[in-house]
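Have your viewer ready and your selection tool at hand. We will go from stop to stop, picking residues as we walk.

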Amino acid sequence: MATPQSDSSLSPLRTVAVVGLGTMGTGITEVLAKAGRQVIGIDISGAQAARSVAALESSTARAVERGRLTEQERADVLARVTTSTDLRAAADADLVIEVTPESYEVKQQVFRELDAIVRPTAVLATGTNALSVTRLAADSARPERVLGLHFFNPAPAMKLVEVVSSVLTAPQAVAAVTDLALELGKEPVAVGDRPGFVADGLLFGYLNQAAAMYESKYASREDIDAAMRLGCGLPMGPLALLDLIGVDTARTVLDAMYAESHDRLHAPAPILKQLSEAGLTGRKAGRGFYTYEAPGSATVVRDALTPAQGAAATPGRPVRSVGVAGSGTMASGITEVFAKAGYDVVLAARSEEKAEAARARIGKSLARSVDKGRMTAETAAKTLDRITPAGSYDAFADVDLAVEAVAEDLDVKRQLFEALDKVCKPGAILATTTSSLPVVACARATSRPQDVIGMHFFNPAPAMKLVEVVRTVLTADDVHATVREVCGTIRKHAVDCGDRAGFIVNALLFPYLNNAVKMVQEHYASLDDIDAAMKLGGGYPMGPFELLDVVGLDVSLAIERVLHREFRDPGLAPAPLLEHLVAAGCLGRKTGRGFREYARR
């Protein structure tokens, strides 16, 4: 990122005071000391300051063991750090970074005291991720020198730093801090002052919805977390992440976001208040959404809510042969998955030619696996031999499980289920792979709604481990048990959810994507900065705009409309910018232009 040159009146930021030596303050101290800065760590608790030094000693010792530091470099880093319990130790600092608790009263008290201590040229930075930088600056004697410097946890590892300007901040102060962030090896993103900034502004709305989803007993904590890890490639599930961040911290951030936005998606889920006030604040307390081995431990232990292990309470039905309806990418991928697991599969399409073409596509996929050494040529040949193409659904007469993977159109799916009802034998299970339509509507198109269930595979089906198993209010227990068993056989991770729009993954993913579009629409941040913030600050494999262009803006808009129609929440209304791009035919990579432009192939 290009940065303006620092004003000559601004002293170089060589000596930095860090006020608050908790986890974040200690991490920032380490980053600064490793980059050659003199660091004064300040905490009102001498015991906490000692713990911070011990943590720094331990961290740098590990770095030596791993060959990342020499013993001399470690000694130099530790020598650059001094600690104090007196704020006056910051008198000679060029920059002060406060990382005290998320409270206006605490932070304003620190800033007021610093006004009387630091030099006039010193820059004062707040590490807040929830409170108004402008409000903190306005209470300072030198508001032009106050800004936000938001590191992400763990500070030594996370590359993103949000540099937050208020309307009062001098450009020279922003430039000096941005230069420092670059020298620290970080990637600074310039943002304006609003609660949550970019990364947390998008992240906490998603976390809040996950908490509300769990609170409503729609899905278990384990299934919600597994769904987002396996379905979206996230490093942690949302409830585990809330425990790591701190349930009380999340509640504070969301309170601040809601006070500004009045968006119901930011109104803290009641369970966050209940857990916070009970002292169940996450890992640091030893218990939050999950129970941990000890306070501060990352090791989850079994508790009363942990699912029982062992055989299902209800025995399933035998499944020896499978029918897959459709000839597109999903149908081919699902067929490949079942055939690899040893099932005989009938692949039926609207014509023999389409079915043969889909089988040929699977053959090419298997050949690529052979080329990459993932399977032998003999195994690939046997897998392909298990697949029988058919030009009519009459070929499903003897299958035990029929899986539809046709167009995401309710009328098309209903007609198919009417046909399957007539063709499939009694006791056969009928499954839909819909990602957003009501499963019960497919079930009601048959004379056996108890035998109908959702099996939402993710694309590409051979690679993605997740299957959302969707029960309707009519689905029989043994049908659900059978599909769970089948998921285990085909080496997929099944998560249970009810029949409502978006299930788990899309219900949490698409409001997050929609909120990212709103940020750009409101000119708060650029596409590139938002994508960088979520990859670097949230650990997402793709930024929201990269993902929207891959999924397809038309597909994304359709899902967001379904969610808005089902939940009637104004915050779920599709962003107008998304609707305008779809209306203009800018659908993402498939059309060469979406939020970004792509070279035509």
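Start by selecting Lys340, which is partly exposed with a relative accessible area of 38% (buried means under 20%, exposed over 50%, partly exposed in between, with a 1.4 Å probe and protein chains only). This is a predicted model, where local features need pLDDT of at least 70 and side-chain atom pairs count only at pLDDT 80 or more, while totals for chains, interfaces and linings use all residues. Residues are numbered from 1 along each chain as its sequence is written, and side-chain values use heavy atoms, without hydrogens and water.

Helices here are DSSP runs (H or I) of at least four residues and strands (E) of at least two, numbered from the N terminus. Is Glu336 buried or exposed? At 3% relative accessibility, Glu336 counts as buried.

Next, pick Asp528 and Arg596, whose side chains meet in a salt bridge of 2.8 Å, N to O. This pair links distant parts of the chain, 68 residues apart: Asp528 lies in helix H19 (residues 527-538), Arg596 in the segment after helix H22 (576-583).

Glu546 belongs to helix H20 (residues 544-551).

Finish with Glu98, Glu102 and Lys107, linked in a network of salt bridges.

Terms used
A salt bridge is a side-chain nitrogen of Lys or Arg within 4 Å of a carboxyl oxygen of Asp or Glu.
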